[in-house]
Amino acid sequence: VLAGEAFSPRQRDEIVRAIQLAQQQSGLRFSVYVGPVQGDPRAQARRLHAELGPDAPNSVLILVDPASRSLEIVTGTKARRWLDDRTAALGSLTMTSSFAAGDLAGGIARGLKAFGDHARHPKSLHTDDLSR
Amino acid sequence: VIAFATVSLVTTRIALRAGIVFALTGPSVLAASPAFAVIHDDGEQPGDSLAPLMTLLWFLVLPIGLFLLIALLVSLPSIMGGPRYRPGLGWRATPEWYGGPEPGQESDAAGAAATGRAGAGAGGAADAPTGAQGEPSGESSDGGASARW
């Protein structure tokens, strides 16, 4: 039913700020994809995660498909140490409860906040690739 | 059938209650209304009677106008907010990717290999889904969660 822009500038700003905050807190890279999925959502999410390139092991990809109402969270090999599957499931619950109420941007921002809080860890000099 | 029976039961009960209320209060109000017009209290000074047009204005146009104004004020924020996502009504907006790969970084063979997926690396994005499907979920080195709403 919706055509054109997915979010208003304000919502976009909210998501971008949530990503930056989560990255600052946790040292992980967060990437949010909002769009339709062809076929298996999990496979698509993994493909997008792999597209993040050298950052992928330290990245968390969040795929939101409002059309098929599916949410996928893929954590890289290193990111998984700080953001385990149970935390990911907890965050996904936070997000889907907002999505079900019709609040896409707010749900994404809330999930990112939860991930940033949970994945907070002391910086180690040589194993953390990400300097930001 | 049971649902219809309960609904009709409830509606008949409501109708019964409304009927009793009107039966008790209606006749007394109707009987008293001419007296309101004729009998005046001490010191009461009746003004001019209202012209038909003014009656319409006060009792029809003004309440409807107020109703519309308040309804507009209530729905103004959602009108200003633009289109809103509603679950189950579909989604045709253009895909957006925040924090996506920077240009020139995607299909980086080294990056894909670092994730521990040999199949996804060389062929780039095209055959990555098959590689991802091929690996059993338990063996996979990357984690995460799936959810639906």
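Trainee: What makes the 34 residues a nonpolar core?

Mentor: In this predicted model, the 34 residues form the largest nonpolar core.

Trainee: Which residues is A:I108 in contact with, leaving aside neighbours within four places in sequence?

Mentor: A:F7, A:I15, A:V32, A:V34, A:V64, A:M95 and A:F99. Each is counted because contact means heavy atoms within 4.5 Å. Apart from this core lies another, of nine residues, including A:L61 and A:V74.

Trainee: How do you know that β2 and β3 of chain A pair?

Mentor: Pairing needs at least two bridges, and six bridges join β2 (residues 29–34) of chain A to β3 (residues 59–65) of chain A, so they pair. The two strands run parallel. The bridge partner of A:S31 is A:L61 in β3(A).

Trainee: Why is one side of β2 and of β3 of chain B left without a neighbour in the sheet?

Mentor: The open sheet has the order β2(B)-β2(A)-β3(A)-β4(A)-β3(B), with mixed pairing. β2 (96–98) and β3 (143–148) of chain B stand at its edges, each with a single partner strand, so one side of each has no neighbour there. Neighbouring strands are turned by 10 degrees against each other on average, direction ignored.

Definitions and conventions:
Residues are numbered from 1 along each chain as its sequence is written. Chains are lettered from A and ligands numbered from 1 in the order in which they are written. This is a predicted model: local features need pLDDT of at least 70, side-chain atom pairs count only at pLDDT 80 or more; totals for chains, interfaces and linings use all residues. Side-chain values use heavy atoms; hydrogens and water are left out. Helices (H or I, at least four residues) and strands (E, at least two) are DSSP runs, numbered from the N terminus. Axes are lines fitted to C-alpha atoms, for helices over the stretch in contact, and angles run from 0 to 180 degrees between N-to-C directions. A nonpolar core is a set of buried Ala, Val, Leu, Ile, Met, Phe, Trp, Tyr and Cys residues joined through side-chain atoms within 4.5 Å. Buried means under 20% relative accessible area, exposed over 50%, partly exposed in between (1.4 Å probe, protein chains only).
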